[in-house]
Amino acid sequence: MKILLVSPEARVWNSRTHIHNGLGYLAGALLAAGYATDIYDGAVEDESLDARLTREHFDVVGISSPTPLINEAWQYARIAKQHGAVTILGGPHLTLMPDESMQKDEVDFVARGEAEGTLVEFVRALEHLTPDPSPNGRGEQDLTPDPSPMRRGENLPLSHWERGLGGEVWARIKGLSWKDAQAKIQHNPDRPLNPDLDALPLPAYHLFKIDRYTNLQPLTDGLDPHARSYTIVTSRGCPYKCTYCSKPITGDTWRARAVENVVREWKMLVEDLGATEIGVTDDIWNLNLKRAKELCQALLDHGLNKAPWVTVHGMKVNHTDAELFTLMKRAGCKRVGFGVESGDEDILKRVVKKAQTFDQVRAAFKNAKAAGLQTMGFFIYGMPGETAETMDKTTQLALELDPDLAHFMIAAPYPGTVLWDTVQREGKLYAQNWHDLAIQSDHAHFDFPGMDPQLVEQKWHEAYRRFYFRPKRLFKRLTSADTWRNLPERMRDAQRFFVAK
Ligand code: B12
Ligand code: SF4
């Protein structure tokens, strides 16, 4: 049984490419269970999926998809079906909206939620249903095709795996959605969140063509543009309830890996895979301040502080102190990111529900800078009810905090979030297609009573101009090696952000 795990090309937002953690984990689980597995990441391959599947047969093609890439995922599923593979889709969008995909002929199965266990159980079941190449061609059981029922729209009998022995095999696998013999969609009960992340096999990162990925973050200096960049997830889940955030996979319960288990993976990245840059991509890696410090200390103790690392997604400012940043710096951390989101108190508390104060934001930036870390801030424009005044306050706060990198984003409502529900209820979503929901878009995603979407776009452009077009900033950029090394990309960024609105 050969499995190809696939990620569609992420053409919708920018030119950067990062390895796909989830596929690494799934491949690790399949390999540990004894299945030949490979990864095809559309973002970096030089042959099409069609060419790949022509060159090599895979029994199962598993495709991952966040919301903006679902059309590409379906397209890939069609190609996989043309090559006779069984298709299974998984990832955030499939977890939120399984029916939409299950209704497509090219999608055989959907795995919802964390899927290491689901996928291994699924492949095992499929293996037992697929006739082995024994002399009578039937395998151990008598699986002689029954001429009925028939495949929808085609004059072909359902194959053994499609019938799943009347569905009893599929019905046992938690988190799986499947079609019964009458083509009715069945959703098995959810698979509970995995409480023991230490028990998971380490991600099979060796399957990624690492030389083809970019470094982790744009517009910054100091990191190697040709870095061997890996990502690591030290915990899953987050108990906070920010209204724009969707956590369909990792959920509200914070589950941390043991420090030793994280160190084992970190060692693999640095010593076996030659990582020259590591990104921590947890939802909230510093929820437990004591554990965060222990992890830094362990990296120091094991001499793992030589590979620079960054917190790709924002740390939560209210779980930090000066000692943490000092330890992070000593442990090799290069840059920290913080979710600041808004400079307006009412928007922050009532609309974003970020559960942090401006004093905590200021203290986190101050302490991180004092420890010698580069800083990065995330800011959102166009949350429901925003006005010129609230957005100006956000830009003002960005200027005051003066991080090395400011990431201004236009609010994007994702299904499963409070923001999505609010916009559906009281506003009007512009997106015609899931594609339109890319976060790094320069267009407002919705109309909301009392809020002018054109003003949101204007304030977003203005924020970039005011932040990056200051003499101090311009001087820094012009004297930075990164600007000259990646000139075409930087020119494109400049054009996109600074074109007058
Ligand atoms: C790290 C990260 C990134 C990184 C790396 C992305 C990556 N694909 O690994 C970067 C910065 C590149 C990134 C980019 C984007 N991200 Co992001 N990202 C995350 C983050 C913080 C962690 C992802 C992670 O590593 N999870 C841990 C692993 C183990 O879980 P996983 O990848 O989801 O995989 C598991 C399951 O989903 C499932 N599964 C996944 N794929 C498949 C495939 C098959 C066949 C099966 C059976 C199962 C399955 O099994 C896996 C193992 O348990 C999540 C938040 C979160 N906690 O989910 C957001 C998150 C996934 N990202 C999100 C978004 C929107 C994006 C972008 C679209 C942003 C944009 N610019 O528009 C892009 C999409 C890039 C892409 N190709 O996936 C949203 C998705 C929401 C949604 N409805 O789709 C999330 C949930 C953030 C949020 N809170 O809104 N992201
Ligand atoms: S944005 Fe961060 S802190 Fe807020 S709920 Fe999501 S993961 Fe948690």
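Visitor: What classes of residue make up the shell around ligand 1?
Guide: By class, 22 are nonpolar, 16 polar and four charged. Ala, Val, Leu, Ile, Met, Phe, Trp, Tyr, Cys and Pro count as nonpolar, Asp, Glu, Lys and Arg as charged, and the others, Gly among them, as polar.

Visitor: Before I go on, what kind of model is this, and how is the numbering done?
Guide: This is a predicted model, where local features need pLDDT of at least 70, side-chain atom pairs count only at pLDDT 80 or more, and totals for chains, interfaces and linings use all residues. Residues are numbered from 1 along each chain as its sequence is written, while chains are lettered from A and ligands numbered from 1 in the order in which they are written.

Visitor: Back to ligand 1. Which residues are closest?
Guide: Asn21, Gly22, Gly62, Ser64 and Gly90 are the closest of the 42 residues that surround ligand 1. A residue is near a molecule if its C-beta atom, placed from the backbone, lies within 6 Å of it.

Visitor: Which element gives the largest share of that shell?
Guide: That is α1, with four residues. At least two residues each come from α1 (21-32), β3, β4, α4 (92-96) and α6. Helices (H or I, at least four residues) and strands (E, at least two) are DSSP runs, numbered from the N terminus.

Visitor: Where does ligand 1 lie relative to the domains?
Guide: Ligand 1 lies between domain 1 (2-187) and domain 2 (214-498), because both give residues to its shell. The domain bounds come from an automatic or database domain assignment.

Visitor: And ligand 2, what surrounds that?
Guide: Its shell consists of Cys238, Tyr240, Lys241, Cys242, Cys245, Asp283, Ile284, Lys316 and Gly339. Five of these are nonpolar, one is polar and three are charged.

Visitor: How many bridges join β4 to β5?
Guide: Three, and β4 (residues 86-90) runs parallel to β5 (residues 109-111). Gly90 has Ala111 in β5 as its bridge partner.

Visitor: Last one, what share of the chain is buried?
Guide: Of its 501 residues, 43% count as buried. That takes 20 or more other C-beta atoms within 10 Å of the residue's own, with C-beta atoms placed from the backbone.

Methods: Pairing = 2+ DSSP bridges. Buried ≥ 20, exposed ≤ 12 C-beta atoms within 10 Å, placed from the backbone.
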